[in-house]
Amino acid sequence: MKDSELLVLKVLRTPWARQQFLLHWLRSHWAEIIGHTAANHSQPYKLDQGTLYIHTDNPMWSNQLHMMQGRLLGQLNRQLLPALQGRKRILRELKFYHGIIQEESQPREETGPFMPKVDPSRRCPICGVPLIGEEEICSACRREQNQALRQEIRKQLVLRPWLRYEDCRELVKCDRITFTDVKAVLGEWAMNQALSPQATAQEKAFAVLLETGLHPEELQEETIQRTLEKAQRSRYYVPARRK
């Protein structure tokens, strides 16, 4: 945060006023914090006693951000670090709801958290709870389905680390966002294993197959060495701070 923004924060007297200013700051910098793609589908809705409520424009993005909430929560708190004022962290929890993303005409103080409208006549076909908005299944069941999907994608990548999204679609019905995220998480883990001094030749080859998309018959020792050296250098590269 800029010095001028910190000064405004110090001047504000009430906790509610400070929360509203931090919410305004998060909205203004949302794309910088989580990336333009995710920001096009999500928006901070309300900040209430350490809980940030986030609207998304469809259930897929609610589930995607929910799966990443640990990393996202840490990233948000790092961005708000200058505003801590003696506290260990500002945000303790993230909650996601999907619906129409729109700005309120005027900020207003509320005593309770935002709750989406529930239609009791429509129920989840899996567990039977009332559905919210245009949901086809409830968020809890959707999360379970999403976790099962991620496990299946990971299984296929472990068996065939060179798989592209188009190839995976023939084996598992998945979307590109989920496939890319699962592959990135698995790739980071595999590369950490491959860069360990105790790494086996098999672990190194697996990490490079994931990284390059090459088939096993195309893999050469020179490619493995070059890819691992590049990955090792990237872990020590510190970008210059923008002024």
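Of the 243 residues in the protein chain, buried residues make up 37%. The structure described here is a predicted model. The chain contains 11 helices and five strands.

**The chain as a whole**

- The protein chain exposes about 15,800 Å², and carbon and sulfur atoms supply 51% of that area.
- Among the contacts between residues at least 6 apart in sequence, 51% join residues at least 24 apart.

**The three-stranded sheet**

- Three strands form an open sheet, and their order is β1-β2-β3. The pairing in this sheet is mixed.
- The edge strands are β1 and β3 (93-98), each of which pairs on one side only.
- From one strand to the next, the twist averages 25°.
- Helix α2 (residues 15-28) packs on the sheet and touches β1 and β2. The direction of α2 makes about 170° with that of β1.
- Helix α6 (residues 69-79) lies across β2 and β3, and runs at about 115° to β3.

**How the strands are joined**

- Strand β1 (residues 42-48) and strand β2 (residues 51-56) run antiparallel and are joined by six bridges.
- The bridge partner of P44 in β2 is I54, the bridge partner of K46 in β2 is Y53, and D48 stands opposite T51 in β2.
- Strands β2 and β3 run parallel, and six bridges join them. H55 stands opposite Y97 in β3.

**Burial of the strands**

- Strand β1 is mostly covered, with seven of its seven residues buried.
- Strand β2 is also mostly covered, with six of its six residues buried.
- Both faces of β2 are covered. On one side lie T51, Y53 and H55, and on the other lie L52, I54 and T56; all of these residues are buried.

**P44, a residue of strand β1**

- P44 has its place in strand β1.
- P44 counts as buried because its relative accessible area is 1%, and buried means under 20%.
- Leaving aside residues up to four places away in sequence, P44 touches L23, L26, R27, W30, L52, Y53 and I54.
- P44 and I54 are 10 residues apart along the chain, and their C-alpha atoms are separated by 4.4 Å. I54 is also the bridge partner of P44 in β2.

**Q49 and the turn of the hairpin**

- Strands β1 and β2 form a hairpin with two residues between them.
- Q49 is placed in the loop between β1 and β2.
- Most residues other than glycine have a negative phi. Q49 has a positive phi of about 50° although it is not a glycine.
- Q49 counts as exposed because its relative accessible area is 57%, and exposed means over 50%.

**Helices α9 and α10**

- The axes of helix α9 (residues 176-194) and helix α10 (residues 201-212) come within 8 Å and cross at roughly 145°.
- The crossing in which α9 passes α10 is left-handed.
- On the α9 side, the contact is made by K183, L186, G187, A190, M191, Q193 and A194. On the α10 side, the contact is made by E203, K204, F206, A207, L210 and E211.
- Sorted by class, this contact of α9 with α10 has seven nonpolar, two polar and four charged residues.

**T227 in helix α11**

- T227 is found in helix α11 (residues 221-234).
- T227 counts as buried because its relative accessible area is 13%, and buried means under 20%.
- T227 touches V208, E211 and T212, when residues up to four places away in sequence are not counted.
- One of these residues, E211, also takes part in the contact of α9 with α10.

How values were computed. Residues numbered from 1 in each chain as written. Predicted model: local features only at pLDDT ≥ 70, side-chain atom pairs only at ≥ 80, totals over all residues. Heavy atoms only, no water. Axes fitted to C-alpha atoms, helices over the stretch in contact; angles between N-to-C directions. Helix = DSSP H or I, 4+ residues; strand = E, 2+ residues; numbered from the N terminus. Left-handed = near helix turned anticlockwise from the far one by under 90°. Contact = heavy atoms within 4.5 Å. Nonpolar A, V, L, I, M, F, W, Y, C, P; charged D, E, K, R; others polar. Buried < 20%, exposed > 50% of the residue type's maximum accessible area, 1.4 Å probe, protein only. Pairing = 2+ DSSP bridges. Areas by Shrake-Rupley, 256 points an atom, 1.4 Å probe, with all protein chains shown as cover.
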